[in-house]
Amino acid sequence: MEKDLKKVAYYPGCALEGTGYAYNKSTKAVAKELGLDLVEVENWNCCGAMEVKNIDPEIETYLSARVLSQTEKMGFDKVMAPCNGCYHNLKKAEHDLTHDAHSVEVNDRLSKKAGHKTYEAGKVETLHALDWLMRAVGEEEISRRVRKSLSGIKVANYYGCMYTRPRRIFPEKDKGPGTESTANPHFMDDLLAAAGAENVAFPLKTACCGGAHTLSDSDTSTKLCLNILTAAEASGADVIATECPTCHTGLEMHQIRAEKVMGRKTKVKIMHFTQLLGLALGLSSRKVGVNDNFSDSRGFVKERGLG
Amino acid sequence: MPIHEKSLIRPENLREQDELVIDGVDVSGHWSTFIETRAVTDYNEAMQDEIAALAGGENIHRCWQCGSCTNACTVHAVNPDFNPRYWIYLIRLGMEDELVRDKDIIWQCVSCNKCTDACPRDVVPEAVMKATAHWLELKGHVDKKPSTHFDEGFSAQVIETGKIEDGLVVRDFFKRMGDPFRPFKEPYLVAMITGIAKRAPIGYLLKMGLALVVRPRTRGWAPARKGIEEYIREVDAKDRKALGLPAEGGH
């Protein structure tokens with residue numbers, strides 16, 4: 001396992017300070033339990049999410065580059081972002097600053113105006129919580145440390161859009177055995193399987209939840225989420241494991257909305273993968289924030305003897 | 001000529017004859033639909049250049065109409081009228097009137113980037129959809145769409161303080177949509193909030209409460225904000241010039 005990944009810079013991002021509260025809590029709890037060190041990026045800013053690029057993409061690149069610049073300033077060359085949106089944007093900034101002269105120019109201009117060092121491509125590597133746990137800990141170590149196996153729990157692993165698309169911003173993926181696949185991502189499957197879970201064959205792993213328009217075009221989002229929820233149920237899953245706060249909250253919200261507006265009730269549980277992993281490592285339900293989810297998984301967790 | 005995408009022809013231009021025999025061949029009914037011949041004279045020859053001048057539209061000229069984008073499209077699966085391949089075709093030909101027919105759905109692209117991965121020519125159709133939605137608003141073909149209200153409210157927060165606060169994003173969106181009290185009227189939003197509140201997650205509720213009073217912000221953000229605002233003004237002016245619009249007006 002990679003020793004230099006035991007201590008990395010941590011970029012929670014705005015969502016994990018808000019609706020993704022439980023994801024933040026459970027990520028930190030899992031890291032602590034595994035003896036890993038997360039050092040929060042000092043005085044970070046929003047990465048631009050899915051919105052700022054629609055005002056102007058170069059501003060989004062700058063916002064993400066500032067986070068990378070802050071990371072570099074702290075002496076780190078690795079930053080871990082558990083949020084798909086943040087992860088995606090930092091990766092995209094890295095890609096654009098490597099390949100696009102205009103992005104480099106605007107980033108330099110805005111960084112100078114803001115009075116900080118201009119981030120240059122290649123200085124910081126961005127990791128998702130999934131990459132990070134796979135590389136810093138790995139499946140074998142997870143298996144060894146499991147105290148309450150997830151055996152018998154059927155999980156649909158849901159990755160969403162921003163973890164794998166567009167492919168070009170993830171040059172390290174699709175490099176054969178041991179690397180992540182953009183067509184059929186499996187790191188979450190691998191980690192949860194190591195914790196004993198029974199992963200179901202889930203065809204909508206990288207389907208879109210409509211998160212960008214969750215409020216502005218709710219009907220479309222509800223239809224997309226309902227597809228994911230019903231496909232998970234049809235695959236025999238008890239729970240959908242998520243690794244993105246937007247997908248997670250979207251599924252929770254539209255599960256309720258599908259029932260209230262379309263009369264379509266689904267029962268599948270929705271939990272952050274770090275919550276499931278934390279429970280398997282023996283952490284309490286409260287420690288991984290099961291109580292803090294919008295959807296109620298307390299009964300499920302108790303019934304399966306996990307917390 | 002067979003009509004592959006019948007939904008793309010205006011209903012008034014479709015000719016279905018109940019009883020028609022031409023040269024002894026019966027061509028009546030559904031399987032012998034004809035399209036009204038017409039001459040298109042109202043091309044906007046600058047249209048492709050206009051879209052290409054906006055952020056995201058740069059690569060539209062590369063499209064060779066394979067249709068991979070529409071085939072991969074998340075929204076197309078929900079609404080078959082949502083057809084990026086067709087809109088790119090219209091833009092490249094300059095058929096403004098035809099494009100404007102779909103003005104109320106083009107903004108619905110969810111940015112899932114399936115099209116971007118499917119495209120063999122690196123058109124980045126996702127970005128072209130955003131540029132097109134922006135173009136429709138700049139040209140005055142449509143009022144600001146809900147997604148624009150959302151993006152603008154969200155971005156305004158980021159530009160102002162460096163960060164966003166989820167609760168404020170939601171409240172600000174509904175305010176911009178003209179109904180600040182909607183969160184309290186939507187049964188699903190009410191069920192979502194009361195559901196979690198009942199379980200009394202003290203830490204979370206305190207944190208959300210605190211965020212209401214003390215907005216999260218990045219320290220020393222003012223110079224960054226100034227730089228970004230200045231840049232946006234420049235881009236706005238450049239966009240409006242490229243579209244032949246007068247200099248004033250918002251983004």
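Modeller: Begin with the contact between the chains, and keep in mind that this is a predicted model. Here 63 residues of chain A are in contact with 59 residues of chain B.

Colleague: How much area do chain A and chain B bury between them?

Modeller: The two chains bury about 5500 Å² between them, and 64% of that is on carbon and sulfur atoms. On the side of chain A, the three residues that supply more of the buried area than any other three are A:Ile55, A:Leu215 and A:Phe294, with 13%.

Colleague: How many salt bridges and polar contacts cross the interface?

Modeller: The rule finds six salt bridges across the interface of chain A and chain B. It also finds 18 residue pairs in polar contact there. For a case to look at, go to A:Glu17 and B:Lys207, whose side chains meet in a salt bridge at 3.8 Å, N to O. The cut-off for that pair of atoms is 4 Å.

Colleague: Which helices of chain A each supply at least two residues of the side that touches chain B?

Modeller: They are helix 1 (13-16), helix 3 (52-55), helix 4 (57-73), helix 6 (101-114), helix 10 (218-234) and helix 11 (245-262) of chain A. By residue type, the side of chain A that touches chain B divides into 26 nonpolar, 19 polar and 18 charged.

Colleague: Next, the sheets. What holds the strands together?

Modeller: In general, strands of a sheet pair through backbone hydrogen bonds, and the pairing is either parallel or antiparallel. In chain A, one open sheet has four strands in the order 2-1-3-4, with parallel pairing. Strand 2 (37-40) and strand 4 (125-128) of chain A are its edge strands, each pairing on one side only. On average, neighbouring strands in this sheet are turned by 40° against each other, direction ignored.

Colleague: How do I follow the pairing residue by residue?

Modeller: Start from strand 1 (residues 7-10) of chain A, which is joined to strand 2 of chain A by four bridges. Within that pairing, A:Tyr10 stands opposite A:Glu40. Strand 1 of chain A is also joined to strand 3 of chain A, by two bridges, and these two strands run parallel. There A:Ala9 has A:Val79 as its bridge partner.

Colleague: Which strands does helix 2 lie across?

Modeller: Helix 2 (residues 21-33) of chain A lies across strand 1, strand 2, strand 3 (78-81) and strand 4 of chain A. Its direction is at about 135° to strand 2 of chain A.

Colleague: What is the strand order in the other open sheet?

Modeller: The order is 6-5-7-8 in chain A, four strands with parallel pairing. The edge strands are strand 6 (198-199) and strand 8 (269-272) of chain A. Strand 5 (residues 154-158) and strand 7 (residues 239-242) of chain A are joined by four bridges, and A:Tyr158 stands opposite A:Thr242 in strand 7. Helix 9 (residues 187-194) of chain A packs on this sheet and touches strand 5, strand 6 and strand 7, making about 155° with strand 5. Helix 11 of chain A also packs on the sheet, touching strand 5, strand 7 and strand 8, and makes about 160° with strand 8.

Colleague: How many salt bridges are there over all chains?

Modeller: The search of the whole structure finds 38. One of them is between A:Lys25 and A:Asp292, with the closest N and O atoms 2.9 Å apart. A:Lys25 lies in helix 2 of chain A and A:Asp292 in the loop between helix 12 (273-280) and helix 13 (298-303), so the pair ties together parts that are 267 residues apart in sequence.

Colleague: Last, the backbone. Which residues does a cis peptide bond join?

Modeller: A:Arg165 and A:Pro166, with omega at about -10°. A:Pro166 is in the loop between strand 5 and helix 9 of chain A. Look also at A:Ala49, which is not a glycine but has a positive phi of about 50°. A:Ala49 sits in the loop between strand 2 and helix 3 of chain A.

Note on methods
Residues are numbered from 1 along each chain as its sequence is written. Chains are lettered from A and ligands numbered from 1 in the order in which they are written. This is a predicted model: local features need pLDDT of at least 70, side-chain atom pairs count only at pLDDT 80 or more; totals for chains, interfaces and linings use all residues. Side-chain values use heavy atoms; hydrogens and water are left out. Two strands pair if DSSP finds at least two bridges between them. Axes are lines fitted to C-alpha atoms, for helices over the stretch in contact, and angles run from 0 to 180 degrees between N-to-C directions. Contact means heavy atoms within 4.5 Å. Buried area is the accessible area (1.4 Å probe) that two parts lose on being put together, summed over both. A polar contact is a pair of N or O atoms within 3.5 Å; within protein, one must be able to donate a hydrogen and the other to accept it, and residues adjacent in sequence count only if both atoms are side-chain atoms. Ala, Val, Leu, Ile, Met, Phe, Trp, Tyr, Cys and Pro count as nonpolar, Asp, Glu, Lys and Arg as charged, and the others, Gly among them, as polar.
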